Amino acid sequence: MVSSKKKVATKKTSPSLAIAKKKSRGNKDVVLVEAPIVSSYNDQIRPLLDTVDRLRNLNVMREGIHLPTIVVVGDQSSGKSSVLESLAGISLPRGQGICTRVPLVMRLQRSSSPEPEIWLEYSDKVVPTDEEHIAEAIRAATDVIAGSGKGVSDAPLTLHVKKAGVPDLTMVDLPGITRVPVNGQPENIYEQISGMIMEYIEPQESIILNVLSATVDFTTCESIRMSRKVDKTGQRTLAVVTKADMAPEGLLQKVTADDVSIVLGYVCVRNRIGEETYEEARMQEELLFKNHPVLSLIDEDIVGIPVLAQKLMLIQSSMIARCLPNIVRKINQKLDTAVLELNKLPMVMASTGEALMALMNIIGSAKESLLRILVQGDFSEYPDDQNMHCTARLADMLSQFSDNLQAKPKDVSEFLMDEIKILDECKCVGLPNFIPRSAFLAILSQHVDGIQDKPVEFINKIWDYVEVVLSSVISKHSDNFPQIQSSIKRAGRNLISKIKEQSVNRVMEIVEMEKLTDYTCSPEYMTSWTQKTGEQESFMYDVLKNGNKPDYFSMNGFGNVKISHLRKYHAHLLIPAFDMKMRITSYWNIVLRRIVDNLALYLQLSVKSLVNSQFQKEIVAEMVDPRDGRGVEKMLEESPLVASKREKLKNSIKLLKESKDAVAAIVDQNC
C-alpha cells in the first residue's frame with residue numbers, strides 16, 4: 001500500500017543535483033534546484049561518456065557502427081520539446097502543430113565555464129548562437145533543411161550545448177507522430193515520420209525515451225505501439241509522463257500498473273508553463289508532487305525533472321558500458337576489412353615502367369589461373385562455380401560429342417542397297433569377286449560426308465566456352481584497371497577468334513583425310529570383319545535358297561534386317577555387297593574413334609598453347625601496339641570509380657583508426 005505522506009523529493013536526490021538556494025513558502029521549505037541539473041560521475045563512468053562523445057564527434061556512425069543514444073519519441077503535442085527544454089535549460093521552438101520537423105540531435109555537456117557555448121551543425125555548417133536566440137536559430141536551420149513549409153526531413157540538425165549544470169547526455173528529438181496532415185504537409189506525413197522514428201529506435205544500442213501525456217490512455221499512444229515493435233519486452237524503454245498537473249486522477253494507477261511494459265520505469269514531470277523561469281518551474285514541480293492530494297502519493301523516486309536527468313544519465317552510462325565491447329569489435333572488424341580492400345586496389349602508378357610491370361602482373365596472374373583451371377584441373381579458385389571447373393566441362397563436352405558422333409543413324413535405305421548401287425557403278429572389266437577400291441572409297445566418302453559438320457560444331461562449341469572462361473578470368477584479374485580491361489578483353493576475343501579459325505581448318509583437314517584413303521594399323525579391323533563375314537553363308541542361304549523365303553535375317557551388330565528385296569539380285573553381286581558392308585562397318589567404327597581421338601589430342605595441344613604462349617603474346621601485342629602507344633599509358637589514368645573507392649576507403653581507415661585510438665585507453669583501463 002502506498003503511503004499517503006511522502007518525503008520531500010530532494011532529500012533523496014543524488015548529490016549530483018546542485019542545491020542553489022531555499023525559499024520559505026508558508027510553513028514549508030522548498031528546495032530550488034539550479035536548472036539545468038548539475039551532474040557528476042565517478043572516475044569509471046566519466047571516461048565512458050567521453051569515449052562515446054569522441055566517437056560521436058568522429059561520426060563513426062557513418063561506418064555503420066551504432067552508438068548508445070537516447071531517442072525521444074512521442075505523439076504530437078505530448079510535451080517532448082518541453083521535457084528537453086527542462087533538461088537543457090534552453091528554449092526550443094514551441095507552438096501548435098509539429099514543432100520538431102527534423103531529427104534534433106542534442107549534445108548536452110556540462111562545462112565549468114560560467115559562459116555557455118551553444119552552436120548548431122547542419123549541412124557542413126557551424127552556426128554559433130546563444131540562449132536568447134536559440135529557438136530562432138533552430139527554426140531558421142530547420143527551414144533550410146526541411147523547407148519553410150510544414151514538411152519534415154530526415155536530415156539531422158545537431159545542437160551543441162556546453163553549459164554549467166546541464167546533464168551529460170546525448171539525445172535525439174524526433175518529430176511528433178501525427179496521422180492527419182494539416183495544410184502544407186504531404187499526404188504521407190505519417191509514413192515519413194514513422195519511418196524516421198523506426199530508423200532511430202531499431203538499433204539495439206538506442207534507449208527509447210517515450211514521452212506520454214498524462215491526459216491520454218497510454219495503451220492507445222502511437223509512440224508506444226512503435227517502440228514495442230522494436231523493443232517488445234520494454235528493456236530499452238523509459239517513459240516520461242508530462243502534464244501531470246492537468247490529469248492527476250488515475251496517474252498513480254497508470255504508472256504502477258504498467259499496462260504497456262516499460263521495464264526502465266516511469267518518471268512523472270510538470271512542464272514549464274508560460275513565462276516561468278526554469279528555477280521557478282522546478283520549484284513548482286516539487287511543490288506539486290509534494291502537496292497535491294493525489295500526485296503526492298506517487299513515490300518521489302519517479303517524479304521530477306531532476307530524477308529524470310539522473311535516470312537518463314545512469315541508463316545511458318549503463319548502456320555504454322554494455323555496448324562498448326561490441327563497438328570495439330565492430331571498429332576492429334571494419335578497420336581490417338577496409339585495410340584489406342584498400343590493399344586490393346592497384347597502386348597508383350607514376351611511370352610507364354610501373355604500368356608495364358602492373359600489366360605483366362595482370363597477365364601473369366591470369367595465365368596462372370588459366371593454367372590451373374584449363375590444364376591442371378585445379379578449380380580451388382572457383383570452388384562454387386561449376387562452369388569454371390574447366391577440365392571437367394571439357395571432358396563432358398568431348399564425351400557428349402563422342403556419343404553423338406558414334407550414335408547409329410537410322411538407315412534411310414534398305415539393307416545392302418547403297419553397296420549394290422556403288423558396286424554397280426564402279427564395275428569394270430576384270431576378274432569377278434574383287435571389290436574395286438574405288439567402290440570402298442566412294443561408300444566411305446558418303447559416310448564421312450554424313451558426319452563432317454559434327455566435328456566443326458564441336459570445336460566451335462569448345463572455343464565459345466573457352467572464350468567465356470577467358471573473359472571471366474581477365475575480368476577478375478584486371479578488375480582494378482577498368483581503363484584497360486576492355487582492351488585486354490578485346491585482345492582475348494581476338495585470340496579466341498584466331499584459334500577458332502585455325503581449329504576449324506584443322507578439324508576439316510582431319511575429316512577430309514578420312515576420305516582420301518582407307519588405312520588403319522589396328523587389329524580390331526580384321527577381327528571385326530572376320531567375325532561379321534562369318535555370317536555370310538547363312539545370310540546368302542536365307543536370301544537365295546531358303547524355301548520358306550523369310551523376310552528378315554538376324555545379324556550380330558545389325559539386328560533384324562530386311563532381306564526380301566534382295567532376292568532379285570544375283571549372288572555375284574550380293575556376295576561382294578555383303579563383304580563391303582562388313583568391311584565398311586568394321587572400318588567406320590575405327591574412323592569415328594580416330595576422329596574423336598584426334599580432336600581430343602588437338603584440343604589439349606591448342607589449350608596448352610593458348611595458356612603457355614599465345615595468351616601473353618596477344619595481350620602484350622594489343623597493349624604495346626606501336627601504332628597506338630597509349631595502351632600501357634592508360635594504366636596511369638586511374639578510373640574515377642577506383643579513385644573514388646580509394647578515397648572513401650582512406651577516409652574510412654582514418655576515421656576507424658582514430659576511433660580505435662579513442663577507445664583504446666578505456667579498453668586498456670578495463671582490462
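Predicted model: local features only at pLDDT ≥ 70, side-chain atom pairs only at ≥ 80, totals over all residues.
**A tour of helix contacts and nonpolar cores**

Select helix 9 and helix 10 to begin: Ile-373, Leu-374 and Val-375 in helix 9 meet Cys-390, Thr-391 and Leu-394 in helix 10, where contact means heavy atoms within 4.5 Å and helices are DSSP runs (H or I, at least four residues) numbered from the N terminus. By class, this contact holds 5 nonpolar, 1 polar and no charged residues.

Residues are numbered from 1 along each chain as its sequence is written, and side-chain values use heavy atoms, with hydrogens and water left out.

Next, select the largest nonpolar core, a set of 84 residues in which Leu-374, Ile-420, Phe-539, Leu-566, Leu-610 and Phe-615 touch the most other members; such a core consists of buried Ala, Val, Leu, Ile, Met, Phe, Trp, Tyr and Cys residues joined through side-chain atoms within 4.5 Å, buried meaning under 20% relative accessible area with a 1.4 Å probe, protein chains only. Helix 17 gives the most to this core, with 22 residues.

Centre on Phe-539, which, leaving aside neighbours within four places in sequence, is in contact with residues including Phe-415, Phe-553, Leu-566 and Phe-578.

Finally, select helix 12 (residues 437–451) with helix 17 (residues 571–623), whose axes come within 11 Å and cross at roughly 40°.

Note on methods: Axes fitted to C-alpha atoms, helices over the stretch in contact; angles between N-to-C directions. Helix = DSSP H or I, 4+ residues; strand = E, 2+ residues; numbered from the N terminus. Buried < 20%, exposed > 50% of the residue type's maximum accessible area, 1.4 Å probe, protein only. Nonpolar A, V, L, I, M, F, W, Y, C, P; charged D, E, K, R; others polar.
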